[in-house]
Amino acid sequence: METQAWQVLDRAHYLHPFTDHAGLRQTGSRVATRGEGVYVWDTDGKRIIDGLSGLGCVNIGYGRKELVNAAAEQMLELSFCQSFFKTTHRAAVTLAEKLASMLPEGLNHVFFQSSGSEANETAMRTIRRYWDLAGQPQRRVVIARELAYHGSTHMAASLSGIPPMYTAGGDIPLPGIVHIKTPYQYRHGPEMNADEFGIVAAGWLEEKILEVGADKVAAFFAEPAQSAGGAICPPMTYWPEIQRICKKYDVLLVADEVVCGFGRTGQWFGADHYGITPDLMQLGKGITSGYLPLSACAMSDRVADMLIEKGGEWAHGFTYSGHPACCAVALENIRILEEERIVETAAAELVPYFRSKLETFVDHPLIGDVRSVGLMGGLEIVQNKKTRESFPYEAKIGEACSTEALKRGLAFRANGDTMSLMPPLVITRPEIDTMFGIAREALDATAVKYD
Ligand code: PLP
């Protein structure tokens, strides 16, 4: 009864993000009640293993009282503080300094917002302003990638390259953004070896720069590994070649690390994993492990110095830029990650295990491709393994499989036909076994239905 009562109110009043509400009216929502470690419970008392870390954010798991205390203490001491008018506060300054000490070399300046989408807005405004101030206002074009997801504000949606964003209308994409193919080897270069493919895929950037005109390109904007696009993890040769091309044409390199940051790839940042030094880097989600909303746009000395020395006042900012409680929670989250060596332990003890479990799916009749980096894994469902043919879009097989998994107590994300698994970094090996055990049962049940 309790579940139904909540579902009735949910249907009547609550519009959900990225949801087919007509479909939701038929099924009703799952009503979550609490979380602990890697588990979430619902109003029916069902325990669900969270194979998607909330939404790629709950890196240290649910229920850490230290984060609650950090927020409460900060709220009691100073619940709000704007940073617009020559005012600052200790939590934001400490966090900015902490991030500068952790990020790749040169990223010494940080701007705060609340969401990943806003961090990407800040990055876009920064890029355009940088080139205006640098006396090259014709550098307007930003190159992004197919299957990217950068958020839901107008600009972030325009940068994104997942098909639903383009069919949604609303004048998306905005002008000045073009897309190139992504390093999706299963679809774009299965006949090549990985290293060779990485170089070829990076070459698509150079081709686009030359097509647009090198003096018109402002930046290349990309996730180190693409999460919502379906766990697309580039070969190790890809990013260093991208960096070389960006340097050659003086194109700014912008890394959206909203998902990759804070340990997802097995290193603290995707840039560390792939060996690059971006000019701008956006962080979100895992910065607070999702306990409070916060994002950061980090900038290199080169970029920040231009804004500071030539820019004057910059008309950009948000009421909640550097919100004290969010910054305090981020600091506590980072302290826990560091002191408990969560990223290092995950890399040494969990990542190889996770990968070996993922690889057991190679033989499953529905799985065409298995890919992963760190604790971000993808299992791509196909209709025909030999030809790599996908199921028709209307079959919604990814969604069907995720429904089967949820029935059995596993939440994962269906990115199109790819089952994306990205559990909290504190998951244990037995919990990894449980997660993959349910994933297999769900796939088997889906295979029977679609036979
Ligand atoms: N960038 C990436 C890589 C993301 O995956 C997301 C969200 O999933 C965003 C940006 C947008 O973040 P938010 O939903 O906090 O606006």
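Two strands are taken to pair if DSSP finds at least two bridges between them. Helices (H or I, at least four residues) and strands (E, at least two) are DSSP runs, numbered from the N terminus. The structure described here is a predicted model, in which local features need pLDDT of at least 70 and side-chain atom pairs count only at pLDDT 80 or more, while totals for chains, interfaces and linings use all residues. Residues are numbered from 1 along each chain as its sequence is written.

Confidence was examined through pLDDT, the predictor's confidence in each residue, from 0 to 100. The mean pLDDT of the chain is 96, and 99% of its residues reach 70 or more. For the complex, the predictor gives an ipTM of 0.99 and a pTM of 0.97.

The chain contains 17 helices and 15 strands. Its radius of gyration is 22 Å, close to the 22 Å that the globule rule gives for 451 residues, so the chain is as compact as a globular protein of that length. Here the radius of gyration is taken over C-alpha atoms, and the globule rule is 2.2 Å times the number of residues to the power 0.38. The C-alpha trace spans about 65 × 55 × 45 Å along its principal axes. A residue is called buried if 20 or more other C-beta atoms lie within 10 Å of its own, exposed if 12 or fewer, and partly exposed in between, with C-beta atoms placed from the backbone. By this criterion, 48% of the 451 residues count as buried. Two residues are in contact if their C-beta atoms, placed from the backbone, lie within 7 Å. Among contacts between residues at least 6 apart in sequence, 72% join residues at least 24 apart.

S1 and S2 (residues 39-42) run antiparallel and are joined by four bridges. Within this pair, Gly35 stands opposite Val40 in S2.

Leu337 belongs to helix H14 and is buried, with 22 other C-beta atoms within 10 Å. Leaving aside residues up to four places away in sequence, Leu337 touches Ile60, Phe262, Gly263, Ile342 and Val343. Leu337 and Phe262 are 75 residues apart along the chain, and their C-alpha atoms are separated by 8.5 Å.

Around the ligand there are 14 residues, of which Ser115, Gly116, Ser117, Gly151 and Val258 come nearest. A residue is assigned to this shell if its C-beta atom, placed from the backbone, lies within 6 Å of the molecule. Helix H6 (residues 116-133) gives the most to the shell, with three residues.

Most residues other than glycine have a negative phi, and most peptide bonds are trans. The peptide bond from Ile172 to Pro173 is cis, with omega near 5°; Pro173 is found in the loop between helix H8 (163-167) and strand S6 (177-180). Ser289 is not a glycine, yet has a positive phi of about 50°. Ser289 lies in the loop between strand S9 (280-283) and strand S10 (295-300), and is buried, with 30 C-beta neighbours inside 10 Å. Arg341 also has a positive phi, near 50°. Arg341 is found in the loop between helix H14 (324-339) and helix H15 (342-359), and is exposed, with 11 other C-beta atoms within 10 Å.
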